[in-house]
Amino acid sequence: MTDSTRAVDAESDRGAAAPPRAAVLLGVLVVSAFVMILNETILSVALRDLTVDLGVSTTTVQWLTSGFLLTMAVVIPITGFLLERFTPRQIFIASLTMFSIGTLLSGLAPGFGVLLVGRVVQACGTAVMMPLLMTSVMRLVPVSKRGATMGTITIVIAVAPAVGPTIGGAVLASLGWRWMFWLVLPLSLLALAIGVVWMRLDGETRRVPLDVLSVVLSAAGFGGLLYGLSSIGESGGGDHPVPPWAPIVVGALALAAFVVRQLRLQRQDRALLDLRPFKIRSFVVALVLTALLFMCLLGAGAIMLPLYLQTVLNTSTFGSGLAVLPGGLVLGLLGRPVGRLFDRYGARRLVIPGALAMAVSLGLFATLGADSSLGAVIAIHVLMMTGLGMMMTPLMTESLSALPDHLHSHGSAILATLQQVAGAFGTAVFVTVASLGSTAPSGAPDAAGLRTAFLVAAVIGAAAFATSLFVRSSGGSGEPVSVTSSDDEHRPSETATK
């Protein structure tokens with residue numbers, strides 16, 4: 001990077017004036033994303049009641065969560081194209097409208113079929129919101145303040161899933177499952193109304209043609225991978241109507257074809273999901289660490305730990321939810337402070353100790369047994385969430401800040417897609433290992449199997465710590481990142497529309 005480039009970038013950062021009502025715009029986006037992600041997990045405690053009320057089997061009712069995740073996996077990779085083709089205002093209104101319609105359908109659903117359709121429509125709106133939020137932060141917030149702002153997004157990502165089951169349990173106990181949607185609908189409509197009035201953030205758009213083949217390959221690739229991995233997680237490696245390896249193989253082949261297709265299309269700047277962010281070292285390192293983080297967060301923290309609490313310590317469902325709540329709240333509450341530290345010191349000083357704390361906590365989980373105290377479990381979980389909190393905000397900010405402006409939307413889509421796939425992969429790996437390591441005749445996870453799964457998680461934690469050593473010390477308010485690529489020189493100079 002030349003001195004003149006540094007000077008220009010630094011001056012643009014100092015002089016970057018936030019657009020009018022920028023704080024309001026970001027506030028509306030954050031609240032909307034919080035409501036959407038809260039809805040993603042709030043229904044998890046109601047599945048048993050839904051099997052009785054709707055007269056369907058447990059396997060069938062699981063599609064209310066699996067279908068939601070599959071839809072997310074299919075739609076998120078397309079958001080890079082959508083954020084280039086349409087303005088943030090158009091995307092926001094479409095996202096909240098779909099989510100509100102899906103919430104209304106779910107609340108009125110006379111049977112399982114309509115409820116599933118409502119959940120799929122909700123997922124379509126939810127999938128677009130997080131990439132829109134992250135891309136908007138990159139556009140609205142100067143480099144020196146991005147860490148603190150991205151810390152707020154961490155609160156959305158961490159606290160909403162943590163409190164979702166707790167709120168869902170309270171609503172279910174007093175009002176019934178339909179009220180999980182009736183209570184969310186007014187919040188969604190209010191956010192939509194505020195957005196229609198205040199969301200005036202128009203951006204540059206390009207009339208990029210939609211490549212239908214890329215959409216099909218993306219749906220088959222990401223959808224097949226997530227379905228296969230989720231099937232392994234749900235069956236614990238046992239019998240399943242469709243062998244989990246079949247959709248995984250189909251998904252892997254479709255994904256390979258998708259990558260080849262995008263590499264060809266991006267030469268003409270027509271890719272559905274631009275893969276040029278993978279040429280940037282800081283983005284790739286942060287992406288790998290994010291994948292390992294979400295494997296441990298969702299696989300070990302959200303699946304294995306509740307299983308341990310319920311099957312080994314004989315804690316009730318509500319009790320296990322309360323036990324993991326402090327750690328989830330710590331993860332969310334660390335977002336803003338860690339973001340400010342990132343703005344001051346960069347990613348390296350936060351990510352390395354965070355990865356070490358995560359690895360140590362996963363190793364401590366492997367030492368737990370039937371005689372372990374609940375207090376010790378909660379303390380270890382809080383340590384794990386503290387480590388994750390020190391990593392999440394810096395990694396999200398570092399990865400997207402390393403990209404040039406025209407790749408922010410595609411980088412956000414890649415990051416959000418990876419979180420979904422990594423979470424499903426972590427769940428599949430840990431559930432399968434727990435079943436294979438089990439001493440129970442049925443193969444159901446027991447103390448021995450769960451200890452084996454936590455050992456595998458500790459190995460992944462050690463790999464994350466080793467990877468964290470490759471994080472560069474620059475970042476935050478340090479030296480601005482300049483990215484040059486031979487592909488950038490061939491970007492067409494199309495006239496942007498406002």
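This is a predicted model: local features need pLDDT of at least 70, side-chain atom pairs count only at pLDDT 80 or more; totals for chains, interfaces and linings use all residues.

Trainee: Why are α7 and α8 called roughly antiparallel to each other?

Mentor: The term roughly antiparallel applies to angles over 145 degrees. The axes of α7 and α8 cross at roughly 155 degrees, and the two helices are therefore roughly antiparallel. Their crossing is left-handed. The residues of this contact comprise 15 nonpolar, eight polar and two charged ones.

Trainee: What makes α14 roughly parallel to α17?

Mentor: The axes of α14 and α17 cross at roughly 30 degrees and come within 12 Å. Since angles under 35 degrees count as roughly parallel, that description holds for α14 and α17. The crossing of this pair is left-handed.

Trainee: Let us turn to the aromatic rings. How many aromatic pairs does a search of the whole structure find?

Mentor: The search finds four aromatic pairs. One of them is formed by Trp-177 and Phe-181.

Trainee: Why is the pair of Trp-177 and Phe-181 called edge-to-face?

Mentor: Two values decide the matter. The ring centres are 6.4 Å apart, and the limit for a pair is 6.5 Å. The planes stand at 90 degrees, and an angle over 60 degrees counts as edge-to-face. The pair of Trp-177 and Phe-181 is therefore edge-to-face.

Trainee: How do you know whether Trp-177 is buried or exposed?

Mentor: Buried means under 20% relative accessible area. Trp-177 has 5%, so the residue is buried. Phe-181, at 1%, likewise counts as buried.

Trainee: What makes the pair of Phe-365 and Phe-454 stacked?

Mentor: The planes of Phe-365 and Phe-454 are 25 degrees apart, and their centres are separated by 5.1 Å. Planes under 30 degrees apart count as stacked, so the term applies to Phe-365 and Phe-454. Both Phe-365 and Phe-454 are buried.

Trainee: Which parts of the chain does the pair of Phe-365 and Phe-454 tie together?

Mentor: Phe-365 lies in helix α17 (residues 348–365) and Phe-454 in helix α20 (residues 447–468), so the pair ties together parts that are 89 residues apart in sequence.

Trainee: How do you know that Arg-85 lies over the face of Phe-86?

Mentor: Arg-85 is 5.3 Å from the ring centre of Phe-86. A charge over a ring must be within 6 Å of the ring centre and within 35 degrees of the ring normal. The distance meets its limit, and Arg-85 is assigned to the face of Phe-86.

Trainee: Why is Asp-269 called buried and Asn-314 exposed?

Mentor: The limits are under 20% for buried and over 50% for exposed. Asp-269 has 4% relative accessibility and is therefore buried. Asn-314 has 64% and is therefore exposed.

Trainee: Where is Gly-195 placed, and what makes this residue buried?

Mentor: Gly-195 is in helix α11 (residues 184–198). Its relative accessibility is 1%, which is under the 20% limit, so Gly-195 counts as buried. Gly-195 and Ser-32 are 163 residues apart in sequence and 9.5 Å apart in space, C-alpha to C-alpha.

Notes. Residues are numbered from 1 along each chain as its sequence is written. Side-chain values use heavy atoms; hydrogens and water are left out. Axes are lines fitted to C-alpha atoms, for helices over the stretch in contact, and angles run from 0 to 180 degrees between N-to-C directions. Helices (H or I, at least four residues) and strands (E, at least two) are DSSP runs, numbered from the N terminus. Angles under 35 degrees count as roughly parallel, over 145 as roughly antiparallel, 65 to 115 as roughly perpendicular and the rest as oblique. A crossing is left-handed if the near helix is turned anticlockwise from the far one by less than a right angle, and right-handed if clockwise. Ala, Val, Leu, Ile, Met, Phe, Trp, Tyr, Cys and Pro count as nonpolar, Asp, Glu, Lys and Arg as charged, and the others, Gly among them, as polar. Rings of Phe, Tyr and Trp (its six-membered ring) pair if their centres lie within 6.5 Å; planes under 30 degrees apart count as stacked, over 60 as edge-to-face and the rest as tilted. Buried means under 20% relative accessible area, exposed over 50%, partly exposed in between (1.4 Å probe, protein chains only).
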